[in-house]
Amino acid sequence: MTTSASVPTGSESAMTADGTVTDRIVEGNSRYAAAFGHAGMDARPALQVAVVACMDARLDTLGALGLELGDCHTIRNAGGVVTDDVIRSLTISQRKLGTRSVVLVHHTGCGMETLTEDFRGELEAEVGQRPSWAVESFQDAEQDVRQSIRRVRTSPFLPHTDDVRGFVYDVTTGLLREVDPAS
């Protein structure tokens, strides 16, 4: 498997010796489909849990949580932040697909700790239009996990808010550290 260390950087980053990265993905899918054994799997997560996690490439959500395909719904975005769209996905997950628990996963060394809302202004200056969305950057992963827990627990759209727990994943050890929501 190619890691970021073996992918070129710069304008040529979408190209490999064998074509584009997307070409490589399509070829990989052909191999995956040839051995596919999940036909008929239920869309309802077997463990009735939804995981909200950062999109960081270093986080293998299923592996890090000891889960398998079909165990959970996984919702990922920059920072693993609970946004309106995450609430939308969790609402569908709970109300239509049977989830009852929510696990939130932020991580150490998150790029969202290096951004500010000024990023929106930078984009506006570059492209001539201000994004309608908030950056949702943060300085402290644990504090943002607490905020995300509060957003889930107080959403009027989510009927199951009693089992909501948050964690910070350490990218150097692979361990989860639970965040006390009351701290």
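## What "buried" means here

A residue counts as buried when its relative accessible area is under 20%. Keep that cut-off in mind as we look around this predicted model.

## The chain as a whole

Let's start with the overall layout. The protein chain contains 5 helices and 7 strands, and from the N terminus on they follow the order β-β-α-β-α-β-α-β-α-α-β-β. Its C-alpha atoms fill a box of roughly 50 × 50 × 35 Å along the principal axes.

Of the 183 residues in the protein chain, 33% are buried. Among contacts with a separation of 6 or more, 61% link residues 24 or more positions apart.

## Helix α5

Helix α5 covers residues 141–153, which makes 13 residues. From its first C-alpha to its last it reaches 18 Å, close to the 18 Å expected. At the start of this helix, a side-chain oxygen of Asp140 comes to within 2.9 Å of the backbone nitrogen of Glu142.

Which residues of α5 are buried? They are Ala141, Asp144, Val145, Arg146, Ser148, Ile149 and Val152. An α-helix has 3.6 residues a turn, so residues three or four places apart point the same way. The cover over the buried residues of α5 includes α3 (84–97), β5 (101–107), β6 (164–169) and β7 (176–179).

## The largest pocket

Now for the open space. The largest pocket has a volume of about 300 Å³. It is lined by 15 residues, and Asn77, Thr83, Ala134, Val135 and Glu136 are the closest to its centre.

Two elements, β4 (72–77) and α3, each give two or more residues to this lining; β4 gives the most, with 3 residues. By class, the lining has 10 nonpolar, 2 polar and 3 charged residues.

Definitions and conventions:
Residues are numbered from 1 along each chain as its sequence is written. This is a predicted model: local features need pLDDT of at least 70, side-chain atom pairs count only at pLDDT 80 or more; totals for chains, interfaces and linings use all residues. Side-chain values use heavy atoms; hydrogens and water are left out. Helices (H or I, at least four residues) and strands (E, at least two) are DSSP runs, numbered from the N terminus. The expected span of a helix is 1.5 Å times one less than its number of residues. Buried means under 20% relative accessible area, exposed over 50%, partly exposed in between (1.4 Å probe, protein chains only). Contact means heavy atoms within 4.5 Å. A polar contact is a pair of N or O atoms within 3.5 Å; within protein, one must be able to donate a hydrogen and the other to accept it, and residues adjacent in sequence count only if both atoms are side-chain atoms. On a 1 Å grid over the protein atoms alone, a cavity is a set of points where a 1.4 Å probe fits but cannot get out, and a pocket is an open set with protein on both sides within 12 Å along at least five of seven lines; lining residues have an atom within 4 Å of a point. Grid points are joined across faces, edges and corners, and a volume is the space filled by probe spheres set on the points. Ala, Val, Leu, Ile, Met, Phe, Trp, Tyr, Cys and Pro count as nonpolar, Asp, Glu, Lys and Arg as charged, and the others, Gly among them, as polar.
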